[in-house]
Amino acid sequence: MNMINQINKVGIIGSGTMGIGIAQVAATSGCTVNLFDTSNEAIDKAKRSLENILDRLIEKERINTEEKNRIQANINYVNSIKDLKDSDLTIEAIVENLDIKKKVFSDLESYVSKDCIIASNTSSLSIASLASSLKHSDRCIGIHFFNPAPLMKLVEVIPAIQTSETVIKRSIETLEDWGKVVAVAKDTPGFIVNRVARPYYGESLRIYEEGIADFATIDGAMKTIGGFRMGPFELMDFIGNDVNYTVTETVFKAFYYDSRYKPSFTQKRMSEAGYLGRKTGKGYYNYDEKGKIISNENENSHNTDLSQTIFNRVLVMLINEAADALFLNIATSEDIDNAMTKGVNYPKGLLAWANEKGIDWCVDKMDELYDEYHEDRYRCSPLLRKMKKENKKFF
Ligand SMILES: NC(=O)c1ccc[n+]([C@@H]2O[C@H](COP(=O)([O-])OP(=O)(O)OC[C@H]3O[C@@H](n4cnc5c(N)ncnc54)[C@H](O)[C@@H]3O)[C@@H](O)[C@H]2O)c1
């Protein structure tokens, strides 16, 4: 704990799903948290949700009552942005809207000290653009937690082109002090996780649309052969088809319509029909009141050649995306692999997986797909091709 300018006081803006989770993380580590929301209802809900979570942790004997009281006492719920004035670090977790976030940032800057870091938990907006709303844009940084923030180890740190080295260093040190694994990402659409994970959904939807297999078979292949905890369709139902579709569309537009990120009509129609997944009781699967899938009669045996073909195709598209992120210096190879295992629970890092499968295998599989479809979507990353030629491996 011998940091220069240690972060003790944390201001959080927005007490929704992410805000309260981040507050719990900071308060558990001993920081004083001021949690601000414009809605009293949202604040009440956040208080109740934290109380429930801490009670469950007591039941599981992960914390005791004293610890619960300490965490709760570290959090003040405030209803004016002015109450964040003493913060060393502020993290904004409000609605995903650039104009609203910019307005909140410039308001906030008029109250906080010159050394206060102003961070955003945005999943998709440009940090450079958010930073431009500040007089001192070098204090702005992206600090992207995953849901649920207290459980997911990964935090992506996204410096904008304006961000100072000191702010980057202080942010990383603080998050590590809070027990998080940090992956530093370039300020580009989807950062690491929301970019590299796109083919898990996109290629699975494409396989379904081509009539190669049904949802349950594709999910079964990814779980049984790949060891993924949830199949792509289960996961889309879990995230919500509306939310997942919007992320895909945002990433697609932000990449100037690169066909690799093209959204799917299947998902668009599901979203339009209100078949959003678990939260509406119907998505790719039907759900009971407890959110459990009502058993699917189409469940196939998963050890067939078809399952292997499906798994290989989705995996190689994921590997290709991870390799291309490395090729374009979005993050280091270690951070790319950590991001997928610690942010979205992938069973293995994708670059490590590429080593295991063999770089030749990856290039050949991508070329087979390209030869079959002649679509730019299936272009092999130049990095993989170069590595094959030079007989190299990742790491
Ligand atoms: N939910 C996720 O899985 C997830 C994961 C990572 C990042 N994010 C990002 O985190 C941010 C918050 O997402 P969320 O899911 O927690 O949203 P949420 O809807 O659960 O909560 C947002 C809260 O912000 C409050 N709010 C809105 N405008 C405000 C303002 N001007 N000032 C103060 N409070 C205001 C709302 O009352 C609400 O309580 C978004 O930028 C989102 O993209 C979400």
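## Backbone exceptions

Asn345 counts as partly exposed because its relative accessibility is 30%; buried means under 20% relative accessible area, exposed over 50%, and partly exposed in between (1.4 Å probe, protein chains only). Asn345 lies in the loop between helix 14 and helix 15, and although it is not a glycine, it has a positive phi of about 55 degrees. Helices (H or I, at least four residues) and strands (E, at least two) are DSSP runs, numbered from the N terminus. The model is a predicted one, in which local features need pLDDT of at least 70 and side-chain atom pairs count only at pLDDT 80 or more, while totals for chains, interfaces and linings use all residues. Residues are numbered from 1 along each chain as its sequence is written, and side-chain values use heavy atoms, with hydrogens and water left out.

Phe395 also is not a glycine, and has a positive phi of about 70 degrees. Phe395 is found in the segment after helix 17 (382-389) and is exposed, with a relative accessible area of 54%. The peptide bond from Asn147 to Pro148 is cis, with omega near -5 degrees; Pro148 belongs to the loop between strand 6 and strand 7.

Eight strands form an open sheet with mixed pairing, in the order 3-2-1-4-5-6-7-8. Two strands pair if DSSP finds at least two bridges between them. Strand 3 (75-78) and strand 8 (181-184) are the edge strands, each pairing on one side only. From one strand to the next, the twist averages 25 degrees.

Strand 1 (residues 9-13) and strand 4 (residues 89-92) run parallel and are joined by four bridges. Ile12 stands opposite Ile91 in strand 4, and the bridge partner of Ile13 in strand 4 is Glu92. Strand 4 also runs parallel to strand 5, again with four bridges, and here Glu92 stands opposite Ser120. In a regular strand the side chains alternate between the two faces of the sheet. In strand 4 both faces are covered: Leu89 and Ile91 on one side, and Thr90 and Glu92 on the other, are all buried.

Contact means heavy atoms within 4.5 Å. Axes are lines fitted to C-alpha atoms, for helices over the stretch in contact, and angles run from 0 to 180 degrees between N-to-C directions.

Helix 6 (residues 165-177) packs on the sheet as well, touching strand 4, strand 5 (117-120), strand 6, strand 7 (154-159) and strand 8. The direction of helix 6 makes about 25 degrees with that of strand 6.

## Helix 13 and helix 15

Two packed helices are described by the angle between their axes and the distance between the axes. The axes of helix 13 (residues 305-327) and helix 15 (residues 350-357) cross at roughly 120 degrees and come within 9 Å. Helix 13 is therefore oblique to helix 15; angles under 35 degrees count as roughly parallel, over 145 as roughly antiparallel, 65 to 115 as roughly perpendicular and the rest as oblique. Helix 13 contributes Phe311, Asn312, Leu315, Leu318, Ile319, Ala322, Ala323 and Leu326 to the contact, and helix 15 contributes Leu350, Leu351, Trp353, Ala354 and Lys357. These residues divide into 11 nonpolar, one polar and one charged, where Ala, Val, Leu, Ile, Met, Phe, Trp, Tyr, Cys and Pro count as nonpolar, Asp, Glu, Lys and Arg as charged, and the others, Gly among them, as polar.

The buried residues of helix 15 are Leu350, Leu351, Trp353, Ala354 and Asn355. They pack against helix 7 (193-196), helix 13, helix 14 (333-343) and helix 16 (359-373).

## The surroundings of Tyr111

Tyr111 lies in the loop between helix 4 (98-109) and strand 5 and, at 32% relative accessibility, counts as partly exposed. Not counting residues up to four places away in sequence, Tyr111 touches Ile81, Lys82 and Lys85. Tyr111 and Lys82 are 29 residues apart in sequence, and their C-alpha atoms are 6.1 Å apart in space.
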